[in-house]
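Here's a quick tour of one protein chain for you to follow along with. Keep the 3D view open and click on each residue as it comes up.

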Amino acid sequence: MTEKELELILEEGEGYRIEFKESLAGLDKEMVAFANASGGRIFLGINDSNEIVGAQKSNKFKSQVQDIANNCQPAIKITIAENENTLIITVKEGEDKPYKCSSGFYTRVGPNSQKLSRNEIVEFFKSEGKIRYDELFDVKFDYDTHFDTKKFDKFLRLAGISRVMDTPAILSNLGVAEKQEGKIIFNHTGIFFFAKNLQDIYYHTAVTCALYKGNEKVDVLDRRDFNEDIISNIDGAMNFLKQYIPVRYEMTGEPRRREISEIPYEALREAVINAVAHRDYFEKGSNVMVEMFDDRIEITNFGGLVKGLKPEDFGRKSVLRNPNIANLLHRIGYIEKMGTGINKMQRAMKNAGLQPIQFEFGNFFTAIFKRPLNTKNGTVSGEISGQNVDIKTFKRIEQDLLNGAVFGAVKEATIKRLKKILYALDEMMVLKIPQLVVKSGIPRRTLQRDLALLKKNRLVVFKGSPKTGGYVLTEKGKKLAKETR
């Protein structure tokens, strides 16, 4: 270091990566603070007034400095250089954080080394991945009461694992449970996968799905919370999406036609799995969110990029926040653990002729899928179950109320909703509830009540099986729909 460079450092003073020390007193604290932060340099032989007072340069003195670094837990890597009357100690950012000296844990905050409180130490351990939520055990989960044998058997079938050992031994080999004092205790991974009903144990493990009217979080048309087990949560979220995502069909020359969804299911499924697998479950005030708007679908989980994964490496390298959870998902073929998921999602979108997925990461991680727009009216359009559907609220509602004798004392707002349902069925012939929600813009629960009223007045009936059937107008309903247009 040149004299001019040292003068500039003295002029600027101490900072996030620069510390001045007059003696060896408290040197271990400064070393630990730099190792726990981003590294830095300690200039030994400079006082608090930024004046050079000099430092010893003997081998014995340097050995004392090295011993201080070695006595930290774990040992800190340093290099020592001489510069006229000072020693420059370079501390590298630690590879095995957190580091501790005799007086505790420290980190760098601005130009100061700050001691960590108990809660800060816990957060530090979590942020550095030293404590992993999926590996922690919870004695509240009772094997006899909460463990679901059927889910466990299904997992074994999907993973291709034979029952050559008893259940406790298999659970132990999977890394999800162990036997202590004659009792089987589970970690969070085992609970997530094999609880009879996860909702009975944790409330923050849910996947919340919502369908909104328009492009903002204002009017909720449908909402579902899935919190039974991690696999059911993923499958439930996908079933929710499939209810409302328009599809079209292409004839392939084979007996069956090919179904093409508005947004590729495989890309959405990968995003849902990633959100569940990489969520930061230490935060209990947020669920995984799957939200559908007219112009986009957003899939969000708490916890940004995993520690150690740089933004420029996103999509090219894989770092697991919950390796136990990822391992079990890998065993049943839900993920590959190879860092290929993001590229596969983007390729699926490109092959479908859609915009690339937008990714946002801060405290939350969000995947945003842009939905194709109908350029004629600016709304999303497509096909549901082979029938053309324009997802736009009906503009034409006549001021006249339906015949009061049919419904009796019904509020005007209800009458208007009933008219929407009648007109939708009159145009589409047969519709299921999810299609009616999209077509009419009426929230699902409200729609179910309105349909019950229409059925009661023999204006609509449900035809077909519960799985494949739908609602149709009766002759009375058809007549009323035409008379009130």
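Which residues in helix α11 (residues 323-331) are buried? They are Asn324, Ile325, Ala326, Leu328 and Leu329. Keep in mind that you're looking at a predicted model, not an experimental one. Let's start with the whole chain and then zoom in.

**The big picture**

- The protein chain has 17 helices and 22 strands.
- It runs to 485 residues, and 47% of them are buried.
- Take the contacts in the chain with a separation of 6 or more: 61% of these come from residues 24 or more positions apart.

**Back to helix α11**

- The buried residues of α11 have several packing partners: α6 (149-159), β10, α8, α9 (230-244) and α10 (265-278).
- After α11 comes Gly333, and its phi is positive, near 80 degrees.

**Aromatic rings**

- The chain has 25 aromatic pairs.
- One of them is Tyr133 with Phe192: the ring centres are 6.1 Å apart and the planes sit at 35 degrees, so this pair counts as tilted.
- Tyr133 belongs to the loop between α4 (118-127) and β8 (137-138), while Phe192 is in helix α8 (residues 188-194), so the pair ties together parts that are 59 residues apart in sequence.
- Now try Phe141 and Phe186, which make an edge-to-face pair with 4.8 Å from centre to centre and 65 degrees between the planes.
- Phe141 sits in the loop between β8 and α5 (143-146) and Phe186 in strand β10 (residues 183-187), so this pair links parts that are 45 residues apart in sequence.
- Both Phe141 and Phe186 are buried.
- Phe141 and Phe186 also belong to a cluster linked by ring pairs, together with Tyr143, Phe147, Phe152, Phe155, Phe193 and Phe194.

**Charges over rings**

- Look for Lys242: its charged end sits over the ring of Tyr265, 5.1 Å from the ring's centre.
- Arg269 lies over the face of Tyr334, and here the distance to the ring centre is 4.4 Å.

**Two helices that cross**

- To describe two packed helices, you give the angle between their axes and the distance between the axes.
- Which residues meet where α15 touches α16? From α15 you have Ile433, Pro434, Leu436, Val437 and Ser440, and from α16 you have Arg444, Leu447, Gln448 and Leu451.
- Sort the residues of this contact by type and you get 6 nonpolar, 2 polar and 1 charged.

- Where is Thr474? You'll find it in the loop between β22 (470-473) and α17 (475-483).
- Thr474 has a relative accessibility of 17%, and buried means under 20%, so Thr474 counts as buried.
- Setting aside neighbours within four places in sequence, Thr474 is in contact with Arg458, Leu459, Val460 and Val461.

Terms used
Residues are numbered from 1 along each chain as its sequence is written. This is a predicted model: local features need pLDDT of at least 70, side-chain atom pairs count only at pLDDT 80 or more; totals for chains, interfaces and linings use all residues. Side-chain values use heavy atoms; hydrogens and water are left out. Contact means heavy atoms within 4.5 Å. Helices (H or I, at least four residues) and strands (E, at least two) are DSSP runs, numbered from the N terminus. Ala, Val, Leu, Ile, Met, Phe, Trp, Tyr, Cys and Pro count as nonpolar, Asp, Glu, Lys and Arg as charged, and the others, Gly among them, as polar. Rings of Phe, Tyr and Trp (its six-membered ring) pair if their centres lie within 6.5 Å; planes under 30 degrees apart count as stacked, over 60 as edge-to-face and the rest as tilted. Buried means under 20% relative accessible area, exposed over 50%, partly exposed in between (1.4 Å probe, protein chains only). A charge sits over a ring if NZ of Lys or CZ of Arg is within 6 Å of the ring centre and within 35 degrees of the ring normal.
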